[in-house]
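Morning, everyone. I will go through one model, starting with its overall dimensions and ending at the chain contact.

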Amino acid sequence: MILHAKNIEKSYGKKKVLNGISLKLKIGRMYGIAVENGSGKSTLLKSLIGYTKIQKGSVAINGDFGYCPQLPHFFDQLTVEEHFKYFCAAYDIEQREAQSPIQFLLERLNFQKYFKYRISELSGGTIQKLNLAISLLNFPDLLILDEPYNGFDWDTYLRFWDLTDDLKEKGITVLIVSHFINDLKRFDCSYELKNGQLYEIS
Amino acid sequence: MKFHKIILSTKLIMKMLSRRSIVITLFFVIPIVFLGVVELTTSSRELPFMLGSLDEEIFISVAEKQISLVFFAVAVAGFLSAFLAHYLFQKNYLANRRLVVCGYHPNEVLFSNLIAILIACVFTSFYVGFLVHHFFEVRHFFVFVLALFLSCIVYGLYGMLVGCTVKGELEGILLIVLLINIDAGWLQNPLFYAQSEQQEIIQYLPAFYPSQCAIKASFTDYPVNNSVLYSLLYSGIFLILSIIIFYHKLKLQHEKF
């Protein structure tokens, strides 16, 4: 088990957003959670990664996790290269060990030519590629992706699924949360988040 | 906390700042405009000014233009550092948060920003100090620069506190403008202070001691120890509050297992 969330409850004032959510993710599997607008997707993800304090329940992650937020927030005046450097330091990856994963991600997501560009000079799609690449930089045990293919063109969308298939083969657990999960057969298990609860889609 | 992470982060923050050409330009231009307007518009008549930070009531006689230059130098140094610190903490909040999720400790992020602010404060103090010195010769130049540095630090840390606390950019800027305008930009004016009916209130405001330090260094030989000490005390309070709030906002709520 890579992630075990037990009976999570979270309210904002009187409004209960998460109402007893439990989730178990196994190693090397791909999971999908389909959500409606305003169903508590962000709150669920923030609770899983520890951004926000839950009022009841517990979350245990057995290993490193990578998180790709829906809205990428970077430093406008830094380049893609400098972002990789910054986040490698965050992950405690030595500079000489970082070259190989960085090259791999640049090639797989096809944005090598923007390596020296500042964030303020990039398109939304390229920033989203960097967003995904940063979450993968340390090849974590668990990858949590929030609307990861927002802004991708068709070619990148297909590259994304190839990449997640490869990651799964390497034993990385992938959790994708999205408003649009139309390719259910890609997942080992799919859920729907509705009224603050998770329902398994069979 | 890991030292190499703080160093790298500081370098990148300095790079970010150096690439914002408009900010850099304004950093150079604003003090020239402030002090230039004072030089052009203020009278040169000699007036008696009260030194507020001494136990006894001591008045010094100085040209209005010179004391206005000193007073505005303190205000402009405080303004610049407060805005810079606010910008670093407010604008980069979400990106900093992601760094923490990926492994940076909140204090590593905070201290690297703090070092960048300190570097900017040193630069601002010397720059504004040299500008004032160009208009008239201050009596103790390096003590005067120290006074400007204290103003930068006190208000830089206030800007940092606002940047850590207030979510909205506009609200944060308004809070900075409000306090600095009332305190450094108005009440600490020696012309106003000498005539004030509630000098005790003015003495409790953050810009009081840096202003007094600057006035003493510019025109007298009085020691500035107390002004330095109390300025550092104010800075310490703002720093501790910033650390608590920043850490509380950025720390992850559960540990990895």
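Chain A has 202 residues, and a compact globule of that length would have a radius of gyration near 17 Å; chain A has 17 Å, so the two agree. That radius is taken over C-alpha atoms, and the globule rule is 2.2 Å times the number of residues to the power 0.38. Along the principal axes, the C-alpha atoms of chain A fill a box of roughly 45 × 35 × 30 Å.

A word on the source: this is a predicted model, where local features need pLDDT of at least 70, side-chain atom pairs count only at pLDDT 80 or more, and totals for chains, interfaces and linings use all residues. Residues are numbered from 1 along each chain as its sequence is written, while chains are lettered from A and ligands numbered from 1 in the order in which they are written.

Next, secondary structure. Chain A has five helices and nine strands, in the sequence order β-β-β-α-β-β-α-α-α-β-α-β-β-β. Helices (H or I, at least four residues) and strands (E, at least two) are DSSP runs, numbered from the N terminus.

Of the contacts in chain A with a separation of 6 or more, 74% join residues 24 or more positions apart. Two residues are in contact if their C-beta atoms, placed from the backbone, lie within 7 Å.

Finally, the contact between chains. Chain B gives 21 residues and chain A gives 21 residues. On the side of chain B that touches chain A, α1 (3-18) and α4 (93-102) of chain B each supply at least two residues.
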